[in-house]
Amino acid sequence: MDKKEFSEELNRLDVQNKDVITLYNEISSLAMKCAGEITPTAGIRNAYYLSMEFLIGRGFFNNLMELGVLDDVRKVLAEKGADINIFEEIEDAALGNGGLGRLAVCFLDSAAGQALPLHGYGIRYKYGLFKQAFENGYQVELPDDWQKFGDPWSIRRDNEKRTVKYADMTVTAVPYDYPVFGKRINRLRLFQAEGSEEARKISEYLYPADDTEEGKILRIRQEYFFSAATVAELIENFVEQYGKKFDDFPEYNVIQLNDTHPVMAIAEFIRILTTEYNVAFSDSLRIARETFAYTNHTVLPEALETWNEEYVRKILPEIADIMIKISLDAAREHAMCGKEQISEMAIYKGDKFYMANLAVYVAKKVNGVAKLHTDILKSKTFKAANSMYPDKFRNKTNGITHRRWLELCNTELSELIDRTAGAGWRSDISKLGELNKYTREIAEEFIEIKKVKKRQLLRYIEQKEGIEIPENFLVYSQIKRLHEYKRQLMTAFAILELYFGLKDGSIKDFQPSVFIFGAKSAPSYRRAKAIIKFINEIAAKVNSDVETNGLLKVVFVCNYNVSYAEKIVAGSDVSLQVSTAGLEASGTGNMKFMMNGAVTCGTMDGANIEIVELAGIENNYIFGATVEEIAKIKQKGYKPGVYLTGKNKKAVETLIDGTFSDDGRNIFKELYDCLTTYNEPDCYFVLLDLKSYVQTLLKINGDYKDKKTFAIKQLNNVANSAYFSSDRTIKEYAEDIWDL
Ligand code: 26W
């Protein structure tokens, strides 16, 4: 069906007395008819993106926009007396935790948008990322039954299901295909596990609690489940189309591993070639080394996956054997290196599999996700491998799709750009740079637009959270997963210092400001949950203090998700990106804020460095210790107590001085202790950077008085954000890694 037919059908649609879910399914199913057959393109090389997570968010508006029918639908519904915003009720498909999963979806969108054949493979979880609720300020997790709204954007392919075998069970992998609309239609294929009760568990929950043996085994099952189904399908398709000359397999297939979660695809690839097609192990490994590529998304030790041989052998003995054989092959290749280099690159040692080392050894290209991150990979995390394989390591700085993160979520700013620099940027994002010539003259218009987006955001917050924020407030936002290295706790202390300064009169002439937090903590991450509670306590106190709540408010939005993010990035003035330098691989929220005209208040970490490089340091607010400074302090020995003085001390001691209550759970005392008395106290350098953070927030507050100058700073961020479109990122992958 084409757009015209769709519009005709749409006009015939009866809207009266139909509930939102019925309408949602009818309109989506109609639009799906425009998708046609969604399959990889035969006869050319296709790239395949394997990921445990695809954080789709809400497909409805995005897909209708990509199909070019969103305005049609809005108009037709209005004529029939319905408001398209009723579909805001439809839950997001949150099949991911955060950055890595959302990036995967942006990549698929940008590949389709540029007519590049990139297809996603993953798991169709029955329950996505939990729904967050707050009970007395504490996070509680509720199951996210996203399918209760139906799933009209997918097609179940019963005729393509296949079997995945473990030592102790057999599972049926049933593919569900989601079209990825753009200049060409790509495909996201998510497998659902079916069969016995045990088998169905494999695709029930995203990231099982991995702090138990059972949880770890389930995670290994999940990783193998979709990796094996994918590899089997790609090999089968190859043989069907090109026969059994597997040397040609890399000609037609390149497989990108999104972090180490799908790395067992390598072993499975070799297993199938050696056992089903009698290809020699050495040839199978050689072919694998021309087929796979690997993206690393983190340097945190706790996130670099290792698996006990015992767990793998228990359910996948052949995979364990193959990974050991690959390790032996690597040991031979590394034989001339020094002892510690061999150990650093070891794939299998001490009865453990080091999945990142396996990926680095086999992948023809390995990339980090921002310049600083890739430098750290080459100089530290994979130092030995980098010197052994100098051509292997590349940087591919992340990006975000400007279609969702500017065109869809900020139509007002998008239209201002059209009026100023022409509409060419929508299909060729590099044209956004044109805006630089006009930032001064359109500053007033931009101020009006920011007001509109802020009003929309604050109204939405009032409706969802019941907190009323006046529109003249300066909006600072920190939205990301809750993790100690992202330092939401440091923002909490900074807010307390502002609050105390307003109370004792030492802070004068303060622009009314609101701090918006959005974050979910992993269910098992106790300290992150304590930080959530602490922030909620601060919000309750600050918002109810009549002496100051006309100047300072705090909102922790509940159940932060992609759809909430779309509103927050558009309505905020300041983007808080304050991770400990060297720990945030890239960040992607920082790019979304930049594209929507928020200045970055941040540390020299991840992509913040590249944002500031492109938008100009004078248009952003950088503070805090750099990677080098932290390394020096670590060498000398860091004494956080030194920084526990004056206003810092007063703010931090609210954890233990009874200002706030944790209902006797002692979780605030534990936070205080981990900053001050544990061995390696304050290992994320919160106290070190707190003072300069507060100073920077006050500088921003002061600068905001001159609305026009501030708006020009914000506009300069918009005008220089083209680089951070995932269109640019995908083009770099396509040229430098996938050779599409
Ligand atoms: C221990 C905390 C943790 C858990 C999981 C850190 C990292 C992970 C994932 C395995 C990796 C991940 O999600 N990393 C994030 O990937 C984004 C997309 O590249 C980056 O923008 C974020 O900086 C990075 O943390």
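How many bridges join strand β7 (residues 155-156) to β9, and in which sense do the two run? Two bridges link them, and the strands run antiparallel. Welcome to a tour of a predicted model, in which local features need pLDDT of at least 70, side-chain atom pairs count only at pLDDT 80 or more, and totals for chains, interfaces and linings use all residues. Residues are numbered from 1 along each chain as its sequence is written, and side-chain values use heavy atoms, with hydrogens and water left out.

- Helices (H or I, at least four residues) and strands (E, at least two) are DSSP runs, numbered from the N terminus, and two strands pair if DSSP finds at least two bridges between them.
- Strand β9 (residues 170-180) is mostly covered, with nine of its 11 residues buried; buried means under 20% relative accessible area, exposed over 50%, and partly exposed in between (1.4 Å probe, protein chains only).
- Strand β8 (residues 162-165) pairs with β9 in the antiparallel sense over four bridges, and Arg-162 has Ala-173 of β9 as its bridge partner.
- A hairpin of four linking residues takes the chain from β8 to β9.
- Strand β10 (residues 186-194) pairs antiparallel with β9 over nine bridges, with Thr-172 partnered by Glu-194 in β10.
- Between β9 and β10 there are five residues, and the two strands form a hairpin.

- Strand β19 (residues 513-518) pairs with β20 in the parallel sense over six bridges, and Val-514 stands opposite Lys-553.
- Together, β19, helix α21 (residues 526-544) and β20 make a right-handed β-α-β unit; right-handed here means that, with the strands pointing away from the viewer, the path from the first strand over the helix to the second runs clockwise.

**A three-stranded open sheet**

- Three strands form an open sheet in the order β13-β15-β14, with antiparallel pairing.
- Strands β13 (306-308) and β14 (348-349) stand at the edges with a single partner strand each, so one side of each has no neighbour in the sheet.
- Two bridges join β14 to β15 (residues 352-354), and Lys-349 stands opposite Lys-352 in β15.

- In α24 (residues 608-615), the residues Asn-608, Glu-610, Ile-611, Val-612 and Ala-615 are buried.
- Among the elements that cover these buried residues, by contact (heavy atoms within 4.5 Å), are α15 (371-381), β21 (574-577), α23 (589-595) and α29 (707-719).
- Gly-616 follows α24 and has a positive phi, near 100 degrees.

**Pocket and cavity**

- On a 1 Å grid over the protein atoms alone, a cavity is a set of points where a 1.4 Å probe fits but cannot get out, while a pocket is an open set with protein on both sides within 12 Å along at least five of seven lines; lining residues have an atom within 4 Å of a point.
- Grid points are joined across faces, edges and corners, and a volume is the space filled by probe spheres set on the points.
- The second largest pocket has a volume of about 970 Å³, and its lining of 34 residues includes Arg-58, Asn-85, Glu-88, Tyr-460 and Lys-567, which lie nearest its centre.
- Helix α19 gives the most to this pocket's lining, with eight residues.
- Five cavities of 30 Å³ or more are found in the whole structure, and the largest cavity holds about 410 Å³ of space.
- Of the 30 residues lining the largest cavity, Ile-56, Gly-57, Gly-59, Asn-63 and Tyr-178 are the closest to its centre.

- Most residues other than glycine have a negative phi.
- Ala-115 has a positive phi of about 55 degrees, lies in the loop between α5 and β4 (118-123), and is partly exposed at 38% relative accessibility.
- Asp-739 has a positive phi of about 50 degrees, sits in the segment after α30 (726-738), and is exposed with a relative accessible area of 53%.
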